[in-house]
Amino acid sequence: MSKPLTDDKDGIADFIGRFDVFLFDCDGVLWSGDHLFEGTVETLEMLRSKGKQVVFVTNNSTKSRADYKKKLESMGIPATVDEVFGSSYSAAIYISRILSLPPTQKTVFVLGESGIETELDSESIPHIGGTDPAYNRIIEPNDYTSIASGQALDPSVGVVLAGLDFHLNYLKLAYAFAYLQRGAKFFATNMDTTLPSAGSLFPGGGAISAPLTAMMGGEKPMAFGKPSQAMMDAIEGKFKFDRKKACIVGDRLDTDIRFGIEGGLGGTLCVLTGVTKSEKEWEGEGKEVVPTAWVKQLGDLRG
């Protein structure tokens with residue numbers, strides 16, 4: 001049973017008192033697009049004043065940690081780069097520090113925006129594709145021949161990394177598919193099928209890797225965003241906290257709340273300002289993903 005906390009001052013105080021660390025999703029929790037939800041800044045200030053550690057955990061791969069710091073500050077939310085943990089950063093850490101690739105295949109082919117490229121650069125990982133304007137065009141007849149023969153391909157590519165790409169096209173997918181067919185690792189920053197913005201839903205990062213999954217006969221990429229526990233392990237390793245004293249705050253049952261449950265966190269709090277719109281979405285028998293508690297909006301935690 002998930003506990004409603006909106007308008008329950010005693011319940012809110014008890015809930016907040018149980019945790020030392022709060023992991024916050026951003027899109028759909030703190031804001032939607034460029035619209036900051038009412039009470040967000042005050043709620044975060046209240047938690048910090050109580051000595052709570054705040055970490056911003058986002059699956060949005062289009063922005064680097066530095067970009068997110070700037071966005072947080074533009075919204076009136078003080079933050080440091082070290083308080084931000086994104087899916088692009090998580091993927092870069094794995095590729096550079098954990099993944100073992102042949103010396104001649106260290107390059108990453110990117111489907112995505114500059115946020116991915118910035119985090120790969122921070123780990124000195126070579127990459128192609130991404131925001132390179134050479135890929136932002138219609139495929140030509142000679143492209144089929146040069147890609148099929150391998151002439152147009154970079155032999156040093158050992159990974160295809162897919163994230164939210166605002167300029168996705170057939171040519172980029174053709175290159176990515178060719179590299180995968182030649183044995184490149186298939187990674188995704190996250191598997192969010194949708195992205196909440198402007199009070200509506202738009203294609204998310206998972207929608208970018210989905211066509212490649214279909215092309216590869218159903219093979220799914222290794223994902224680094226929520227609910228991947230590789231991301232949880234990386235966050236715990238960086239911030240050194242007791243999982244039972246940590247709570248995740250999110251708007252998605254399939255990513256945020258599942259991330260906390262499977263990661264053994266002490267609490268999960270769902271807000272109804274993003275993808276999840278009603279508590280009815282987790283009610284009923286057989287529901288596997290049920291948050292510990294919920295509020296209509298983050299600002300309700302002010303009591």
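How many helices and strands are there in the protein chain?

Modeller: The protein chain has 10 helices and 16 strands. These are DSSP runs, numbered from the N terminus: helices are H or I with at least four residues, strands are E with at least two. The model is predicted, so local features need pLDDT of at least 70 and side-chain atom pairs pLDDT 80 or more, while totals for chains, interfaces and linings use all residues. Residues are numbered from 1 along each chain as its sequence is written, and side-chain values use heavy atoms, leaving out hydrogens and water.

Now the core. A nonpolar core is a set of buried Ala, Val, Leu, Ile, Met, Phe, Trp, Tyr and Cys residues joined through side-chain atoms within 4.5 Å. Buried means under 20% relative accessible area, exposed over 50%, and partly exposed in between, with a 1.4 Å probe and protein chains only. The largest core holds 31 residues. Phe24, Leu30, Phe56, Ile77 and Leu269 touch the most other members. Several elements each supply at least two residues, including α1 (9-17), β2 (21-24), β5 (53-58) and α3 (65-74). The largest share, 4 residues, comes from α2.

Take leucine 30. Contact means heavy atoms within 4.5 Å. Leaving aside neighbours within four places in sequence, leucine 30 is in contact with Phe24, Asp25, Leu36, Phe37, Thr40, Leu44, Phe56, Leu72, Ile77 and Leu298.

Step back to the protein chain. Buried residues make up 55% of its 303 residues. Consider contacts between residues at least 6 apart in sequence: 71% join residues at least 24 apart. The C-alpha atoms fill a box of roughly 65 × 35 × 35 Å, taken along the principal axes.

Some backbone details remain. The peptide bond from lysine 226 to proline 227 is cis, with omega near 10°. Proline 227 sits in the loop between β13 (222-223) and α9 (229-239). Serine 124 has a positive phi, near 60°. Its place is the loop between α5 (114-122) and β8 (127-129). Serine 124 counts as exposed because its relative accessibility is 66%. Lysine 240 also has a positive phi, near 55°. Lysine 240 is in the loop between α9 and β14. With a relative accessible area of 69%, lysine 240 is exposed.
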